[in-house]
Amino acid sequence: MNRQPDFENNLLRVMNKQKPQRATLFEMAITPKVYKRVLGHGATEPGFLGELKLAVDGMTKLGYDYAVCRAYGFKIRKDERVNYATRTMNGNGIICDWKSFEEYAWPKIEDFDYSPIEKIKPYMPEGMKLMIMSPNGVLENTIDLIGYDNLCMMLYDDPDLLKAVFDKVGSLLLGIYEITASMDTIGMICANDDWGFNTQTMLRPEQLREYVFPWHKKIVETAHKNNKPCMLHSCGYYNDIIGDVINDIQFDARHSYEDNIIPVEEAYEQLNGKIAVLGGIDVHFLTTSTPEEVYARSRAMLERAADRGGYALGSGNSIPDYIPYENFIAMTRAAIEFDR
Amino acid sequence: MRGRKKLYGFVAKKRVKNIITIFTTQKNYAKMKITMAEISGGYGMEKEFNNLLYLKKSGLLNAAPICHDLFSCKRVFSARMSKWHLYAHDMIEVGMITEGRGFHYILNRAIPCEAGDIYITPADIPHGYFLAGGGERMTVRRLFLDLADWFDEDVARPGTPRYCYGAFHDNAVTACARLDAKTQAEVGSYYDGIVEELSLGKSEWRNAVKAQLSLLLILLGRYMSDTIQNIPNMQQKEWRLVSPAIRMMHERFAESALTLEAIADTLYVSKSHLSRVFGSVMGKSFSQYLRNIRLFHACELLKRTDLTVEEVVERCGLRDVPTFYRSFHAYTDKTPHQYRTEHKKTNIKEKTIVVILSEISENLQKGKAKVVKELVQQAVDEGSSPEQILNEGLLAGMSIIGEKFKNNEVYVPEVLVAARAMNMGMQILKPLLAANGVKAVGKVCVGTVQGDLHDIGKNLVCMMLEGKGLEVIDLGNDVPPEVFVQTAKEQNCQVICCSALLTTTMGMMESVVKAAEDAGIRDKVKIMVGGAPVNESFCKQIGADCYTVDAASAADAAVALCKEVQGK
């Protein structure tokens, strides 16, 4: 691939709604199987540092300007997650009343070892930065703890308890960002929190504004305080809240687009100039199309954004195991060949 | 028969096998004291009145020219005769006594009747069923119908070459027969079928009703044919004249210019002849009868509207206000003002039920479960039928929620709390509905496909389906194709709903379609698909029947599909 990472002139410019120096790639998550295939090996050492090294090597090789850095090992709900590919959001609620809220063994920010984020620096190629992301978002973690149906009922039955749970989760996630945002290796922040279904948001926009958005606003403020851009990864319908995302919370970029909701081509026309658009090639499309079709759509999307900027090519969500490797490579190839 | 004749002055002109026909003589008619009276009291009147309100609101009243409760007839009035409130209506009544014994009052005569008897009463004849007294029980199953609404005119009109429903001859005052056990069972099954079709309103319900009605009429026609053939000419002739006159009076009472002369001209008879025959048959003069119809409607307007007395007089075709005051007092023993005041109470009660149902719907939409439960109990206590509470209270509220959900006016949390409120109301209604034999609109099994644990969308669909009156079997998540199919087969589901959130699991939906084909039930069950990655083209590609974008649309589609399957 022979692409030297250059975060500052590419992804950072995209995040600032500018034209990058070259067609830029973006992914929020890539399955380790892809790294293994392009590198010929998996993680060479266990733990957070090993995972980071794998991401740095893999994403460099694939032509990215950054590597994804998950807050490794930090979990707000420690049980479950038997099968990460699919999980119920209505699982047994751990928190159902004040007693269970108070007795819950909340993780502590200080227990988390952040040092690998700094230790990785010598290992990173020049021009590369990390994108820090939390273990799921404010709404997602709260749903994990309460269960979605229960949460909906709690909105009416015990809003004070619900607020307490949201605030506890929000403060924990903010704590991670407050510690990591200032680190030199971190180039940008990703707040990842799914807010919607295909046809609407999971809570009323007013409820999101009351319980969820204030914490995201604080996360964005933390990023901006450290002169780093902050992007939102949030699946689902967003029309009713896009004003909040851009004007109130002030995210710099938005990620996650699905053809069944709004194809990225339309989303780009809608959002260009207001907020950067990341990724967007629909996961179902990536899974079921031919490499040629993937290449053609990816190139067309890059052409659409070439003169206006504020766009990085990538999947609508992430690269899971089931997306054919050839299709993923066809997409990245479209970006790499775009500049030739 | 002899006993009946002796006790009740019943005159049987002819007895053939176990069939009797009731004829009226001039002498008997002359004895009648018929007075128009308000609709109240009497045999099951209050319940029937509520049904009327329901049918009117639901639009069924205009849609079904056949019904199984009195007040669904297009026009009903009651006649007070002696101490009894009899009723007349503009539809033929087929009444079968299914249990107990009592009397069937027809005009001025009471005929003992008991289980197994069936009466066919033409339109506009005041009559009614009453208990024999002493706490005895009697159940009468009745169908009200207008043959002309169901069959071509030349088939439905007596006297025409193609007329084939002898038992419903216009010229008989009433016909009755004692059915043997086999015929009773046969008639009962037709009743069941017709009532079920009317209640459920499945697709092609009208054709289904018509088919069963035809068979019922043919059965009764054959059974009673001997009787009908023996109606004396004189009776046929008199009734043939009076019957259309009565019909015209009911249809045109609001015309102040409607007179005996005008009707006589229409019927091509002399004024004096019509007057004489009418008086002899009805026991009341033409003008008295017409005035009573007008006063009856004046009572209704006073009770149910805020019209002034002058406006009431004008709308009922009455002559002038002073005359109206005098006639009204003679008719009701009250002034119009007194009458209106006294009936306010009744109005309040009717209004109360409407208000309660509306409050049930409103509170359900707000998710106030406890309040909904209390209101449902209150509606039951006020005498509202469980079906009415379900349809006009709970399901009406859920229907509004569904529509608002489609338009993004309400969000999932509001749908969930509304569904919870509905379930609280259903705790009270369920046993009552079961006792009344009310069936769900259809049965659907729902699940997230194998390999997929996502269940929010699936749960939402379940709630929306229940909100449309469907019975839902929730199979949960990670459901293998054979479980969908096995459940549909064993539980007689009309629809299978499959949900998936992942590109990798949506393929299982095709396996469900295939499993249904392999099990040989594909033509008996519709398969719906939904979920984030699913779309219309995928639905077609795998051979499923329906894809919808959201849960509320899924519920609408499921109702339609259930009806389609039931109509097969």
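A salt bridge here is a side-chain nitrogen of Lys or Arg within 4 Å of a carboxyl oxygen of Asp or Glu. The pair ties together distant parts of the chain, 35 residues apart: A:Arg209 lies in helix α9 and A:Asp244 in helix α10 (residues 242-248). Helices are DSSP runs of H or I with at least four residues, numbered from the N terminus. A:Arg209 is partly exposed, at 36% relative accessible area, whereas A:Asp244 counts as buried at 11%. For these words, buried means under 20% relative accessible area, exposed over 50%, and partly exposed in between (1.4 Å probe, protein chains only).

Before going on, please note that this is a predicted model, in which local features need pLDDT of at least 70 and side-chain atom pairs count only at pLDDT 80 or more, while totals for chains, interfaces and linings use all residues. Residues are numbered from 1 along each chain as its sequence is written, chains are lettered from A and ligands numbered from 1 in the order in which they are written, and side-chain values use heavy atoms, with hydrogens and water left out.

Over all chains, the salt bridge count comes to 31. One of them joins A:Arg37 and A:Glu326 at 3.6 Å, N to O. Here too distant parts of the chain are linked, 289 residues apart, with A:Arg37 in helix α2 (residues 32-39) and A:Glu326 in helix α14 (residues 325-338) of chain A. A:Arg37 is exposed, at 52%, and A:Glu326 is partly exposed, at 41%.

Now turn to where the two chains meet. In chain A, 29 residues are in contact (heavy atoms within 4.5 Å) with 30 residues of chain B. About 2500 Å² is buried between chain A and chain B, with carbon and sulfur atoms giving 56% of that area. Buried area is the accessible area (1.4 Å probe) that two parts lose on being put together, summed over both.

Two salt bridges cross this interface. In one salt bridge, the side chain of B:Arg420 meets that of A:Asp157 at 2.7 Å, N to O. On the side of chain A that touches chain B, α7 (148-157), α9 (205-225) and α12 (283-288) each supply at least two residues. The largest share, seven residues, comes from α7(A).
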